[in-house]
Every structure is written in structure tokens, then in C-alpha cells.
Amino acid sequence: MTRFKKVFVEVAVALPVFKTLTYEVPEQLVSAARIGKRVLVPVRNSQATGYILDLPGETEQEGVKQVLDVLDEHPLFPPSMSPFFRWIADYYIHPIGEVIRGALPSGLNATRVRVIGITDCGRAVLSRRGSLAAFQTDILGALEKRGPVAVRALASVLQREISCHVINQLEGKGLVFTERRIQKGRVCPKKEKYVERATKTAPPLEGLSGKSREILSMLEGRGEIALQALKKQFPTAGPLITKMVTAGLLRIGEKEVYRDPFGDPIHRDSPPVLTADQASVVDEIVQSVGQGFRTCLLHGITGSGKTEVYMRAVAAALDKGCHAVVLVPEIALISQTERLFRARFGDCVALLHSGLSQGERFDQWMRIVRAEAKIAIGARSAIFAPFERLGLIIVDEEHDDSYKQETRVRYHARDLAVVRAKLDNAVALLGSATPSVQSYFNVQTRRYHGLRLDKRIENQALPEVRIVDLRNDKEGRRSKRLFTAELKQAMEETLERKEQVLLFLNRRGFASSPTCTSCGAPVRCKNCDVTMTYHQGANAFRCHYCGHSFPKTTGCRVCGNPRVKPLGLGTEQVEAQVKAAFPEATVARMDRDTTRHKGALLRMLKDLRRGKTDILVGTQMVAQGHHYPNITLVGILCADLSLNFPDFRAGERTFQLLAQVAGRAGRGTCPGRVILQTYNPDHFCITTAADQAYAAFYRHETAFRKSVMYPPYARLVQILLTGKDEAQTARFAHELGRLCQSLQKENPALAKDVRVLGPVAAPLSRIKKQYRWHLLLKGKSADSLHALARSLKAAAEQAVRPADTKLIINVDPVDML
Ligand code: ADP
Ligand code: ZN
């Protein structure tokens, strides 16, 4: 007989450790152990959830421990994703288990909880009302009534904190016992009960009641019916069915069902005839799909029909037996994209975004794993859609900053799209009317393949843009009017023609810099180094970084004066002024404040589509992607807001935002126009955006980037240091600066390849009570940058990092504040 061969698994534990660990699989679990499943494993003196990344034939690791349990029936991701996760962990310098945990639908992880129960001795003491403090009696009483419970659950029953000390005391006296139990994650497949006939052949009907016969004949036609549905039809079905089950007529079964996140039913459409331009672009993409890795950048002006190109590309991928991921930057846009794709492709579309409930997300995820869905549409996290045979990844509006995650694993979904396409031999298709400087640079340097759509569908003209100089609008400034006479007149004309107006201001709230009328102090947040915004709806000041808020009636917190002047602009104020100036018009406002509630955004978009809304006021939420043919006037109230940010990408962002907003106008049969109000009418970002002159913008911008050696001519890694104590954080930052110098001295390659800027206090020097400093590593070689960042982190963790501080590595940072 052959000896049983040992089976090992390589596991990434969901803990802050960088290395993977190897475990042996006990014989009874061997058949269940597969890549992509979660396991419970011992780590040091504790247990943790981990993910199986690989099944290595042997191991060199010593003292290999055994897997305790396999937690999933079905893998959560295919083997092809293991290298992807490894790449991310390595490139973004992040523990791999946490990378995977962040990628999977949340709420899955098993956690360990401390469970407490009463002992016999405890019961005896309780019944004698022995020498117990009142709260000890409460605890024992509750435990006697409920049986063993998690300590946290007990705390919420008794509505008080229960400290370890209290529990240890009771345990020490032998009145309670405690144990650690694994609590399964909160999300699991949803099961539904159904009823079917117990026998294959029709049972004899004589002697049965009319209702029973009816149920049986219904089942005859349909096979099985959900118990819920049956109960709805026959209010008395409950007891009747129980009787019929006992009589051997029916059987009740249970099966997994999917929670449905989709909205209204959608009718299938048939594809339009492509324009000649579209056809040639589609042709190129279709020929690439299935032929190995390639990245294409589709630069198509606003309204040029990019979505149709995406859909044809997806159809080609499906034809070749591959699956596709479609990334869309904002949840606001997903609903539009989802409708179009479902109309074209039907039920094989899955959705992945944070607007879904945990259960819905889990269900969508499993539909993808099981290949029941073939297309996944979602925001940045959909890059992790667990397809096994991925043929195409589309990144719509690829320039959008929301593809960069700025917490936990600081990945960029557009960059990951290219990486995953490479690993999976797939095509990455990036699309935008205003490509990122980085992606366009990659076309120029032939890393990406460039594709263009230069005409709008049916040759509609691009909107005519008028730049209005706010410096000359003295009267308007004095009366705090947000729209110039010119814009106001254009609005009147547009409304008269029963067309729609879009007003854009990239700042929410009523007043962005409320100021005390007596001492002149701005209203500052107590947790952050920022000015608070006045919100009229709530009549309160609110911090947009930490959410801290206090009523306006409090007045100035510096001098106590009750009067604070609402200086500075915001969409709430625009809405108020528009309503006052156009009392007949229906005005809607779309920003983070008005779309907080689930469904609010969809309702607003629907009203807009149906023509119920005359004037839409909004922040960058309305800027891109949306297609509303009846909007013929776009007013940009102040084009300068993002221009002077202390960030090298401020110009790029401004250009993109303005060109995109302008692109919302005139997408139907009527020509559009744009009125762009600005204090910097000669700034190149503004003039090029007004002319939709991408090439001119790119030339100007890259000349600047090259002169200061910023991306795309170099790479950046930001080392962010945060801490509660001001002096300590600063000291840590300086310490790290010195450490950096000595690391560079030891290694000449690092000294040559990497320039270190800082340490300096970050532009936002304090957020959520945390002081912030940073160092910027700059250089051409990713290897050297990463090597230095890694050694810095390792050295800091070993020696100099004070307990209350954090060191965060941000590779390719986008938010530099
Ligand atoms: P973009 O994303 O490039 O700004 P869209 O994809 O929103 O543009 O397309 C603009 C409009 O043109 C949409 O209403 C779309 O349905 C329509 N469209 C696209 N391609 C065609 C075509 N070949 N024939 C007719 N209409 C088309
Ligand atoms: Zn704050």
C-alpha cells in the first residue's frame, strides 16, 4: 500500500503580515482544500482566517502546522487570481491577506468571539442571592435566562460595558465559564424553501380537499413553487401543506437563491448600425480580443458613442468564450451603464459596487465565480471580479481619480486593469474624452495602442463655449450674484425653449468659508486643519473631512460673537439663488448631500430624463458620463476652484472637469452652448478646455511635468506619517528623514535613483485629530523606489516608530494633500 502523501496549502492569513504561510491539510479535509477557499489556521497562539493561494507539492518551511477547517463549500476566487493578488501586495507594499480580504465581499470573515455562560455553581449562588454585587446578579441572571452568549451580545442586552476584569472575577470564583468560539461571517448564501410533489407519479385525488387538489395541480404544471409564494396565494396554506407533507403528498426542499439588486425590468434592444469611425475602432479591438495581452486607449470626444464601442467589444469577448469586466467611476454612472448593458446582454450581467447590501454583493460575487454571470459592471472594486476566463477589461472615464483607493490598499483600478489583463492575456480597453496625462503619454511612448473617435454621433457640433471674465463683473460681486447677466439671459432663453439647464459648481454646502463678523476668524474644525462649510438645510457648520458639525446658533467659537457671515460659494446657495431668480422653474440639486439616501440619485436622474427637471445644479457628480439630450445650456459658475490646489495635478484635474462638464451640452438634436465664468480667462487649462483642445493641453502640461520631473516622467511614492501628538509626529517624521538619508548612504544605487523630498507637514496638516507629515520619494526606477520604501518601513517598524503613530505607504499617490 502506498503511504498517504502529505498535502500542503499556501495560505495568506488576513492579518498584517507580508509573507504567506504553509500548512498541512489533515486527511479528512484534503478533498475540500482548493485554491480560493478560506481556511481556519493556527497562527502563533491564536487562530485566523486565511485564503488558499496555492497547493504546493512540498514545503521547506519548518514546524508546519495543520489547517483546522476549510470554511467554504465553493472557492471564492479562481486560481488565476492568486498571481494578481501577489502582484498587488508586492507593488503596493501591503500585507497580502489584507489585499484579499479587501477584494472579497465584506462580511465574510469568520471572527473569534468570547462566549460566556453560567456554571452550576453560579446558578446556586444566584438562587441563594449570595454575596454578589448588583451588576454581577444582573449578569448571572441574564446568563441563566439566555444560556451561553457572546460577551458583546450580553453587553448590549444589559446596556452596559462589561470589562474583562469583571468577567475574569466571575470566572475566578467559578460562577461563569468562558470560551473562544469561531463565529461564522455574517453573510452567507440566502436559502429559500420550496414545495414539490413527493412522488413522480400523480397521487390519487379522491378524498382530498379542493385546496389540496388545487395545490397539486399547480405543482403538476410548474414542478416546484416557493413556499412564500404559495402562502401568498393560499393564506391558509401553512397548516395544509404540513398535513400534505405528513400524508406523503408533498416535500419541502431548500435551495440557494440570489438577492436581486436590479431595478426595473429592462427591454432588450438591438444594436444600432455603427458609424464608420466606430466601425473601424470596433474592428481593431475585436481583432485583438483573444489574441493575447494588449492595452488600448480610446480617446473619443464627449458624445462620440464610446459606450456602443464598449458593448461591441464585450460582445466579441463573449463570442470567444471569454468574460468581461466593465469599470465605471461613479455609482451614479453605473445605473446608466447597467441599463444599457442589460438591454443588450440580458441576465448575464452582474453588478459589483458599494451601493449593494452585503448580501446582494455576495450573491453577485458567487454568480461570477460560478460563471453564471459573464459581464461584471462596477466601480473600482469590480477589478476583483472573480472571473476565471477574463478576456476584456474596460475602464470607462479612465482619467477619473475615484479609481484610486485612498484607504487600506491604495491601489489604482485603472493600473490594475492593465496588470490583470497582462496576467490573464486579455485586452484592457481604457476610454475617455479627456485621457489622463499618464495614459496618453503611454500611447505616445507606444506602450498603449491609441484609438480615436473625433466626431460626435450624427455629426452634432461640439457646444460653443463662451468664456466670461468674472473680474469685470464688479456689480455681480458686490451683490453676491453667482451668475453673470450673460448667463442669466442664456438661462431665460433656454427655459423658454423648454430645454434643460445644467449649472456646475464643484463645491457643496451653502457657504464654504463662513467668517465671524466681529473678529474675522473663519470657522475652523476642531479635529481637522480646515475651514468648515455652512449648510443652510441643517443650519449648521459641517466639516467635510471628519463630519464634525455644530449649529450656526453657537456663533464664533473664538470670540463668542453670535453673527457669522456665510462667505464663499456652494451648490446649496446656487440652488437658493436659482429658485429666487426663476420661481417658475423646477430646480434639482445633485451632490453628496442630496444623494445620501439610497434611491435618491436614481430618482433625480429619472426626473431629468423625463424632463421634469428644468435646471439641475450639481458638483462633479454631474460632470461626466451622463447623456441627457435635452440639456442645451451648461453654466460653469466658477471654473477656478480646483486650479490653485497645492498639487501638481491641479491643472490636469481642472482641464478634465471643465471639458467634461462642457461635454454635457448639446448631445441631442439641438446645438448646445456653454458659459464658463472664470477669474483666469487666459489660463491654459481654461482656454484649452473651452476649445476641447486636448493635444494643446497635453503639450503644455507635459512640458511643465518634464521641467519638474513629475509623473509621467518619474514615479512617486508617498510616505505618510500620522499621529495624535503634534510634536511626536513631527519628531518621527524627522527621524524618518534621517533614516532615509542613511539608507541612501549605505546603498549608492538608492542614492542615485531616488530623490527624497521632505519631510514636511502635509498641506492638510491635521485630519480627524491626526497630525500629518509626509516624505515624497521620486525617481524613474520603480525597483529603487520600492526598495527604499520597503526598507524605510521595515526600519521604522523595528526601531523608531512611536506607538501612537502610523506609517502609510502610498505608491503612485493621487491625493497629495
Ligand atoms: P460618449 O460616451 O462617447 O460621450 P455615448 O456613448 O453616450 O457617448 O453616445 C452618445 C449617444 O449616441 C447615445 O445616445 C448613444 O445611444 C448614441 N449612439 C452611439 N452610437 C450610435 C450609433 N452607431 N448610431 C446611433 N446612435 C448611436
Ligand atoms: Zn473635521
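Mentor: What follows goes through some pairs one by one and then turns to other parts of the chain.

This is a predicted model, in which local features need pLDDT of at least 70 and side-chain atom pairs count only at pLDDT 80 or more, while totals for chains, interfaces and linings use all residues. Residues are numbered from 1 along each chain as its sequence is written, chains are lettered from A and ligands numbered from 1 in the order in which they are written, and side-chain values use heavy atoms, with hydrogens and water left out.

Side chains of opposite charge can pair when their charged atoms come close. A salt bridge here is a side-chain nitrogen of Lys or Arg within 4 Å of a carboxyl oxygen of Asp or Glu. By this rule the model has 37 salt bridges.

One of them joins the side chains of R123 and D120, at 3.0 Å from N to O. Both residues belong to helix α3 (residues 120-128) and sit three residues apart, about one turn of the helix. Helices (H or I, at least four residues) and strands (E, at least two) are DSSP runs, numbered from the N terminus. D120 is exposed, with a relative accessible area of 60%, and R123 is partly exposed, at 34%.

A second pair is made by the side chains of E196 and R251, which meet in a salt bridge of 2.9 Å, N to O. This pair links distant parts of the chain, since E196 is in strand β10 (residues 190-197) and R251 is in strand β12 (residues 250-257), 55 residues apart. E196 is buried, with a relative accessible area of 19%, whereas R251 counts as partly exposed at 43%.

E308 counts as buried at 10% relative accessibility, and R344 is buried at 11%. Elsewhere, salt bridges that share partners join R508, R542, D593 and R596 into one network.

Now for the nonpolar side chains. A nonpolar core is a set of buried Ala, Val, Leu, Ile, Met, Phe, Trp, Tyr and Cys residues joined through side-chain atoms within 4.5 Å. The largest such core holds 132 residues, and F77, F384, I719 and L736 touch the most other members. Helix α23 (residues 726-746) supplies the largest share of this core, seven residues. A second, separate core has 34 residues, including V281, V314, V349 and V427.

Two strands pair if DSSP finds at least two bridges between them. Eight bridges join β32 to β33 (residues 770-779), which run antiparallel, and V754 has G779 in β33 as its bridge partner.

Another strand, β30 (residues 673-678), has five of its six residues buried, so it is largely enclosed by the rest of the structure. Six bridges join strand β20 (residues 464-469) to β30 in parallel, with V465 opposite V674 in β30. Strand β29 (residues 631-636) also runs parallel to β30, joined by four bridges, and V634 stands opposite V674 in β30.

Conventions. Buried < 20%, exposed > 50% of the residue type's maximum accessible area, 1.4 Å probe, protein only.
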